[in-house]
Amino acid sequence: MAKDLSYACSECGAGYRKWSGQCDGCGAWNTIHETKALSSGPKGKTLGAVRGQAIALTDLETQEREPPRTEAGVGELDRVLGGGLVKASALLVGGDPGIGKSTLLLQAAARFARNGLKVIYISGEESNAQVQMRARRLGLEKSPVLLAAETNLRDILTTLEAEKPDLAIIDSIQTMWADTVESAPGSVSQVRASAHELTTFAKRNGMAVIMVGHVTKEGAIAGPRVVEHMVDTVLYFEGERGHQFRILRSVKNRFGPADEIGVFEMTGKGLAEVKNPSALFLSERGTPAPGSVVFAGIEGSRPMLCEIQALVAPSPHSQPRRSVVGWDGGRLAMILAVLESRCGIQFTGLDVYLNVAGGLRITEPAADLAVAAALVSAREDAALPAEAVVFGEISLSGALRPVVQAENRLKEAQKLGFTKGIVPEQAKQPVVTGLHQQSAKTLAGFVENVFGAR
């Protein structure tokens with residue numbers, strides 16, 4: 001029996017053959033615990049004559065190639081799911097505590113139930129009365145959704161077998177525990193076993209299952225990463241506590257595009273979808289000030305405009321501060337180095353603060369030029385034109401590189417009333433009626449054209 005025992009880190013899920021005080025994967029101390037491996041089943045068993053038979057790809061029926069979907073009726077949610085909920089699929093939704101995961105899924109459960117699906121909401125963190133209290137606050141108390149409060153996986157699977165729902169929502173996977181695994185709820189073994197059993201049950205019975213996952217302080221879903229590989233779709237619910245905007249981002253989707261986002265607004269009656277995020281993120285933008293630049297980005301398949309703000313001030317400390325919200329700090333360091341070495345603009349002895357307004361987080365390198373423009377604008381105390389949008393990637397040589405979907409970015413800007421686009425020079429410049437383009441080959445040329453010689 002000893003050979004069936006292994007060791008795993010409760011923080012990152014890394015496996016070991018023997019106990020160690022520190023995990024080599026994440027560097028955490030005293031997180032490696034002994035776990036029992038799952039049963040491998042009887043030896044020598046095959047798929048059988050039917051299940052093991054090879055099938056030509058061209059012989060698959062149309063309904064097998066394109067799985068049926070059920071739309072929730074919420075455009076932002078259906079967009080992230082790739083067009084709707086797929087039958088016999090497993091989804092994992094992660095997010096910070098209190099960000100609104102349970103609220104979003106309770107509203108989604110009510111929508112799917114009204115559209116004809118049999119939905120059961122299983123909570124391992126709240127009682128039925130607490131879930132009903134939230135439903136009354138959201139105006140969903142009359143929705144035909146079944147409720148259950150349970151953490152025992154065996155009882156949950158027995159109930160699902162008897163009820164045969166079309167959709168089951170598990171809130172959350174870290175509270176589930178299987179009595180066949182000898183470890184505490186929330187441990188790596190329990191999370192892995194529970195996710196595997198629920199995913200297998202969903203595939204076998206043609207039921208969709210949505211599992212809620214807690215996140216670590218780094219923002220990743222807690223537990224072993226193998227859970228993200230088990231499921232079909234991984235969604236992250238993001239947002240800042242101080243802002244009413246929430247972003248539902250798809251980081252993995254076997255039935256639709258990844259990196260698609262849906263934008264919601266937190267209100268007193270729950271989450272409301274935002275059909276025009278660009279207008280919302282720019283709604284509070286007042287008179288253009290130094291350090292304020294509008295960036296035309298792409299999130300998934302949709303263009304989105306947002307405001308990038310920068311502040312440059314003399315530092316009273318020997319080591320100047322570099323503070324970033326909504327963007328990569330390493331990318332900011334690179335832009336500052338390129339500005340100093342290629343353009344001769346010094347930031348030595350200056351504190352630099354960078355913020356993406358509205359609580360949005362930008363990951364694409366197309367924001368490089370907008371960030372550089374905001375930094376130079378703040379340092380020189382010179383505001384950019386109010387009607388201009390900026391985008392482009394900066395290389396270490398100081399050259400400006402074109403980005404994908406430039407025409408879609410400019411069309412979105414023109415639709416919102418912008419009349420000028422500052423973009424990298426490329427072989428075939430996009431043409432957008434009513435919008436003047438100003439292009440540059442290098443970052444130094446851009447700074448000279450926009451701000452004058454420095």
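**Close-up views of a predicted model**

**View 1. Strands β15 and β19 are joined by two bridges.** In this predicted model, strand β15, which covers residues 292-299, runs parallel to strand β19, which covers residues 388-390, and two bridges join them. Within this pairing, V294 stands opposite V389 in β19. In general, the strands of a sheet pair through backbone hydrogen bonds, either parallel or antiparallel.

**View 2. Seven strands form an open sheet.** The strands follow the order β17-β18-β16-β15-β19-β22-β23, and their pairing is mixed. At the edges are β17 (322-325) and β23 (436-440), each of which pairs on one side only. From one strand to the next, the twist averages 25°.

**View 3. Helices α11 and α12 each lie across strands of the sheet.** Helix α11, made of residues 368-380, lies across β15, β16 (302-314), β18 (350-356), β19 and β22 (420-424), and runs at about 30° to β16. Helix α12, made of residues 406-415, lies across β15, β16, β19, β22 and β23, and runs at about 80° to β16.

**View 4. Helix α6 packs with helix α7.** The two helices, α6 (residues 153-163) and α7 (residues 188-205), pack at an angle of about 10°, and their axes are 11 Å apart. Angles under 35 degrees count as roughly parallel, and α6 and α7 are therefore roughly parallel to each other. On the α6 side the contact is made by L153, L157, L160 and E161, while α7 contributes A193, S194, E197, L198, F201 and N205. The residues of this contact of α6 with α7 divide into six nonpolar, two polar and two charged.

Technical notes:
Residues numbered from 1 in each chain as written. Predicted model: local features only at pLDDT ≥ 70, side-chain atom pairs only at ≥ 80, totals over all residues. Heavy atoms only, no water. Axes fitted to C-alpha atoms, helices over the stretch in contact; angles between N-to-C directions. Helix = DSSP H or I, 4+ residues; strand = E, 2+ residues; numbered from the N terminus. Parallel < 35°, antiparallel > 145°, perpendicular 65-115°, else oblique. Contact = heavy atoms within 4.5 Å. Nonpolar A, V, L, I, M, F, W, Y, C, P; charged D, E, K, R; others polar. Pairing = 2+ DSSP bridges.
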